[in-house]
Amino acid sequence: MKQRLASAHSALDNLRSRRGATWYPVFHLAPPAGWMNDPNGLIYFGGRYHAFFQHHPASEHQGPMHWGHATSTNMLHWQHEPIALAPGDEHDRDGCFSGCAVDDDGVLSLVYTGHICLEDRGDDSLIREVQCLATSRDGINFEKQGCVLTPPEGIMHFRDPKVWREDGCWWMVIGARDASDTGQVLLYRGTSLRDWHLERVLGHSAAGSSYMWECPDFFHCGDHHWLMFSPQGMKEEGYRFRNRFQSGVLPGHWQPGSAFALTGAFEELDHGHDFYAPQSFVADDGRRIIMAWMNMWDSPMPTKREAWAGCLTLPRELYERNGRLCQRPAHEVQSLRQTSQPLQFDKLSGTQLIAGDAQTVELELTWDTGGSQAEHYGIRLGDGLRLYVDNQAGRLVLWRHYPDEGLDSYRSIALPDGAYMTLRVFLDLSSVEVFVNDGDATLSSRIYPQPGTRQLSLYSAHGEATLMSGTLWTLA
C-alpha cells in the first residue's frame, strides 16, 4: 500500500496547487483538494478528534475511494494528515468504502468495506463487498489486516460497518440490500475485530419502499436507541423526501441479545438540500456528536471548477426531547465568534441591510411568528439565498436560486407550534446550516454566491414582521 499512498499524495499535491478558494469553506472540514463524500471513522482517540472521509485525491470527481484523514482538538480547526488508506489490494481492489474507527486497547482500528467490481470498474450491477480491518499504533500510519467478514449468501451490496463495544462484546451494524431489493441493517456480534457472527436483521424496509440502507449507525441517546441510516429509493411524499436520497432515524428499545423494538416511524434528520451519510461518535466528555456529508448525489457541484468537491457539516450534539432526536451545534462552535452586532426591529417592513459582505457569520433570530402579519419575511443573502417564513403556507422555507449553476429549488418545514421561533443560522463561503428552536429541526444546503453578491438583509414583504431579538456574529 505504501507505493499507492505515495502516488495518491503526489496526485493530491498536484491538484492542490490549482485548487480555487471562492467557495472553499472557512470553518467546515473539506478535502485539501479532490473529491470528498461520507465521513468515516469519527472518533476521539489519543487526545485528538479524528475524522476520516471518503476521498478521491486525484480528481474532483468521484473515483476509487481512499480514506482521507484530518485531526483536531476542537472539531473545528482541522489539520490534514497523510491519506490513511488506498485501494488496490485483494479485498479492496476498486475502493476502500465507508466504515468506522474504534479504539481496540490502544490500537486505532479502522473497519471498512472493501469494494470489488466483478465486471467493468464502476459498474454496480455485479460487485463483491467485504469488511476489512486496518490498524495503527501511532494513529497516523495504518497497516491493512485483510478481510474479516464476508456477506451472507445471496447479498451483494454489504457495506458501511459501524462498530462499538458493549456488554463485553464487539457489535457491528452493516447496511445491505437483499435479493428482493429490500434495504436492511444487519447486526453482528464479535469476540474480536476479526471474529464475527450474524446476530439478526436489526431492521428492514417495507416492501418496495427503499432498496438499500446505507451508512447505518446504532446508539443510545435519551430514553431510546436510535437506528440511523440513509435509505435509497424512497419516493417523494409532498414536502418530504425531496432529495435524491435521505438520512434519518428509527426510534426503539434494545438490549444485547434481543430484537430492536420500534416505537416510532422513520424521521428525516435534516430538511435541507444537502445532508447524507451522518455518522455519530462520542466526544471526550460523553456527548453524542454527529457529522454528515453536506452534498447530495446527482446534484450540481460547482466547486469542481475549483478542483475540489464536498465538505462535512458542523459537529452537532444529539439529544432527545419529547421523544424526538434533536440536533444543536456543538458548544465548541461558539469559540468561532468574533465581533457581534445586535439586531432588533420591533416592526420590520421592507428590507434592512445588516452586512455588506457576509462571508462567515452566525445569526441568532427570534421571530414573533404569532404577531407577524407579513405574507413572508426572513433573511436574504444577495439574490441567491432566502430563508423565510411563508405565512400563507405556514412553513419555514429555505430557497436557493443559482440558475447559472443549475440550482433553483426550495426545501421547507411546517412552522413549529408556539408564538415564537428562534433560528441559529451559520453561513460559510458555500453553505448554510439552520437550527430551528434549539434543534427541533435543521436545514442544511450548499450555496454558491459569487464574490460581491453576499449582501445580508432582513426583510418583510406585504406587511410587517416582528423580530423580538437578534444577534449577528462574524466567525473566525
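Biologist: Why is alanine 330 called buried?

Modeller: Buried means under 20% relative accessible area, with exposed over 50% and partly exposed in between (1.4 Å probe, protein chains only). Alanine 330 has a relative accessible area of 2%, so it is buried. This is a predicted model, in which local features need pLDDT of at least 70, side-chain atom pairs count only at pLDDT 80 or more, and totals for chains, interfaces and linings use all residues. Residues are numbered from 1 along each chain as its sequence is written, and side-chain values use heavy atoms, with hydrogens and water left out.

Biologist: Which residues does alanine 330 touch, not counting those up to four places away in sequence?

Modeller: Contact means heavy atoms within 4.5 Å. On that basis alanine 330 touches Met75, Arg287, Ile289, Pro315, Arg316 and Glu317. Methionine 75 is 255 residues away along the chain, yet the two C-alpha atoms are separated by 8.8 Å.

Biologist: Where in the secondary structure does alanine 330 lie?

Modeller: In the loop between strand S22 (324-329) and strand S23 (337-342). Strands (E, at least two residues) and helices (H or I, at least four) are DSSP runs, numbered from the N terminus. The protein comes to one helix and 33 strands.

Biologist: What makes the protein as compact as a globular protein of its length?

Modeller: The radius of gyration is taken over C-alpha atoms, and the globule rule is 2.2 Å times the number of residues to the power 0.38. For 476 residues the rule gives 23 Å, and the protein has 22 Å, which is close, so it is as compact as a globular protein of that length. Buried residues make up 60% of the 476.

Biologist: What joins strand S5 to strand S6?

Modeller: Two strands pair if DSSP finds at least two bridges between them. Seven bridges join S5 to S6 (residues 107-117), and the two run antiparallel. In this pairing, aspartate 103 stands opposite leucine 108 in S6. The hairpin has two residues between the strands, and aspartate 105 takes a positive phi near 55° there.

Biologist: How many residues of S5 are buried?

Modeller: Seven of the nine residues in S5 (residues 96-104) are buried, and the strand is mostly covered.

Biologist: What makes S4 and S20 edge strands?

Modeller: Five strands form an open sheet in the order S4-S3-S2-S1-S20, with mixed pairing. Strand S4 (79-80) and strand S20 (308-309) each pair on one side only. Within the sheet, seven bridges join S1 (residues 34-45) to S2 (residues 48-56), running antiparallel. Isoleucine 43 stands opposite histidine 50 in S2.
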